[in-house]
Amino acid sequence: MKGKVWKYGDHVNTDVIIPGRYLDDYDVKNMARHAMEDLDPRFAKDVAYGDIIVAGRNFGCGSSREQAPLALKHAGVGAVVASSFARIFYRNAINIGLPVVEFNAADMFENGDVALINLEKGVLINETNGRTGKFVPLPDFLLEILREGGLVAHSAKRFR
Amino acid sequence: MAAMTFAQKVLSKASGKEVHPGDVVSANIDLAMSHENAALVLRSFKEIGAKEVWDPEKIVLLFDHRVPANTTKAAEGHQSVRKFVRAEGLPNFYDLREGICHQVLPEKGHVLPGMLIVGTDSHTTTYGALGAFSTGIGATEMAAVWATGELWMKVPSTFRFNLTGKLEDPVAAKDVILHLIGEMGADGCDYRCAEFIGPVVDAMSVSGRMTMCNMSMEMGAKAGVTFPDERTRDYLKGRTSRQWEPLLSDMDAEVEKEFDMDLTGLSPQVAYPHSVDNVKPVEEMAGVPVDQAVIGSCTNGRAEDLLAAERILHGRRIPDSVRLIVVPASREVYLWAADSGTLSSLVRSGAIVTNPGCGPCLGAHQGLLAPGERCIATTNRNFRGRMGSPESEVYLASPATVAASALKGQIADPREVL
Ligand code: SF4
């Protein structure tokens with residue numbers, strides 16, 4: 001997994017990831033157009049498929065809205081790396097198939113650097129400046145949920 | 001058996017084996033709540049391909065966030081859920097007249113001590129006030145719960161807060177929890193179960209305990225809990241006919257951290273924009289002008305809260321420059337407020353009273369803010385743009401402080417107005 005880095009600070013909350021005023025639209029593609037809009041109006045316009053968010057503490061704090069990771073995923077985000085996540089965002093992200101990496105990478109990256117992530121091995125590389133970091137990979141069954149594309153696909157196996 | 005925390009006990013029962021903090025278990029769910037976002041759950045549920053829900057009795061659905069529907073899209077969302085409820089024959093559905101989920105479920109007797117409850121709303125932690133282990137989850141995982149009745153869960157470690165001393169009137173549960181959030185930080189309790197014990201909690205009404213557990217999630221707690229006592233028993237009397245046993249934490253169980261806090265002399269607290277942990281005593285910011293004041297939400301929209309506000313406003317009129325919006329948390333609260341004369345008194349003081357529901361709390365309707373406007377509210381989040389324009393500001397406080405501020409047209413100390 002490889003992409004351009006979008007860097008943000010601590011406590012990026014679900015209200016700025018996808019503001020409440022867009023939540024009545026149940027089409028995630030429309031929502032994705034407003035991802036991060038109150039924090040960084042450029043984001044939704046310029047984000048490219050596979051780009052990687054690198055943030056500080058408590059990423060995704062706030063409401064349980066799953067539209068937050070969904071909006072990021074549908075905007076094209078390939079993974080979110082943060083030094084810590086709010087609990088529900090973390091669960092939601094895995095369950096909808098958006099990879100999350102708990103790792104303090106703020107010092108490794110500048111905005112626009114190119115990041116490479118190996119989720120299974122727990123390796124993070126900055127291709128622009130060559131720095132590398134190691135993180136504890138997710139437990140196998142969570143990696144499996146991600147690989148299957150999320151909890152829906154995972155649960156559906158039972159009913160086939 | 002070794003001593004166990006509350007979280008361990010509930011999750012051991014739910015998973016059928018003895019569990020320890022850090023274990024990831026598959027847990028059987030006792031109660032599953034969704035509001036409007038059931039429309040999202042529904043989509044994933046269909047994709048999973050289960051023929052029917054695992055147990056119709058254990059699912060509660062209602063509408064509270066956008067009631068009555070404020071946009072055509074919201075109406076379509078309501079409609080899709082109503083259709084599903086009819087098709088599945090779900091018995092526990094409350095359409096849009098009942099009020100906020102976190103108020104309605106306890107009122108209607110769905111919540112009992114010791115239960116494992118999940119809801120597609122972050123403030124599902126509220127039910128901890130009745131001694132349940134209760135936490136927010138996302139829509140996709142709720143679909144998995146509807147299909148299978150099970151969910152993967154990590155057993156949390158525990159932070160225990162022993163709250164001692166005596167609160168001075170009109171300092172209330174909201175001031176206590178704002179103070180704790182200020183001390184701990186917005187992520188200070190991440191992933192933990194927060195147990196609230198001690199004389200301050202014992203002296204609190206169930207309503208106050210709901211305020212505490214509700215906002216425990218604003219310091220990151222996975223669940224917040226206060227333990228059942230006589231007040232809990234009184235609250236549940238007449239609401240449920242089911243038998244229940246209190247499930248208590250062993251006081252000698254190993255917890256990650258214990259905090260002893262003496263709250264004697266605590267001032268009314270206010271959370272300043274734009275984060276909930278930006279908390280200061282009211283006297284430090286008194287005098288900041290406000291355009292709007294909101295009393296309501298799952299945090300502070302109960303009878304006790306409306307009464308606390310009415311006590312301040314009684315017979316007085318707020319200035320025309322302030323919009324005071326009062327949103328009773330539920331129909332039960334609404335009726336009580338109407339019958340007791342509290343509503344008419346508030347209206348005479350200048351309040352706008354809306355129907356029970358979330359109201360302006362999430363910034364969907366019924367009182368949004370323009371750029372540059374300032375609001376003081378009894379709600380639970382003051383994030384940028386939460387109640388309208390990203391250029392507006394939201395301050396969080398207790399019903400007494402909000403009422404005092406509405407009266408003065410600026411942030412005010414309720415002790416000086418009483
Ligand atoms: S009142 Fe506010 S915080 Fe409570 S459930 Fe409704 S929107 Fe959420």
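User: What makes B:Arg82 and B:Asp95 a salt bridge?

Analyst: In this predicted model, the closest N and O atoms of B:Arg82 and B:Asp95 are 2.6 Å apart. A salt bridge requires a side-chain nitrogen of Lys or Arg within 4 Å of a carboxyl oxygen of Asp or Glu, so the pair qualifies. Local features need pLDDT of at least 70 and side-chain atom pairs count only at pLDDT 80 or more, whereas totals for chains, interfaces and linings use all residues. Side-chain values use heavy atoms, without hydrogens or water; residues are numbered from 1 along each chain as its sequence is written, and chains are lettered from A and ligands numbered from 1 in the order in which they are written.

User: Why is B:Asp95 called partly exposed?

Analyst: The relative accessible area of B:Asp95 is 22%. Buried means under 20%, exposed over 50%, and partly exposed in between (1.4 Å probe, protein chains only), so B:Asp95 falls in the middle class. B:Arg82, at 24%, also counts as partly exposed.

User: How do you know that A:Lys4 and A:Asp51 form a salt bridge, and which parts does the pair tie together?

Analyst: The closest N and O atoms of A:Lys4 and A:Asp51 are 3.7 Å apart, and the pair therefore meets the salt-bridge criterion. A:Lys4 lies in strand 1 (residues 2-7) of chain A and A:Asp51 in the loop between helix 3 (42-46) and strand 2 (52-55), so parts 47 residues apart in sequence are tied together. Helices (H or I, at least four residues) and strands (E, at least two) are DSSP runs, numbered from the N terminus.

User: Is A:Asp51 buried or exposed?

Analyst: A:Asp51 has a relative accessible area of 3% and is therefore buried.

User: How many aromatic pairs are found over all chains, and why is the pair A:Phe85 and A:Phe89 called stacked?

Analyst: The search of the whole structure gives 18 aromatic pairs over all chains. The ring centres of A:Phe85 and A:Phe89 are 6.2 Å apart and the planes stand at 5 degrees, so the pair is stacked. Rings of Phe, Tyr and Trp (its six-membered ring) pair if their centres lie within 6.5 Å; planes under 30 degrees apart count as stacked, over 60 as edge-to-face and the rest as tilted.

User: What makes B:Tyr272 and B:Tyr395 edge-to-face?

Analyst: The planes of B:Tyr272 and B:Tyr395 are at 90 degrees, with 5.4 Å centre to centre; the pair is therefore edge-to-face. Both B:Tyr272 and B:Tyr395 are buried.
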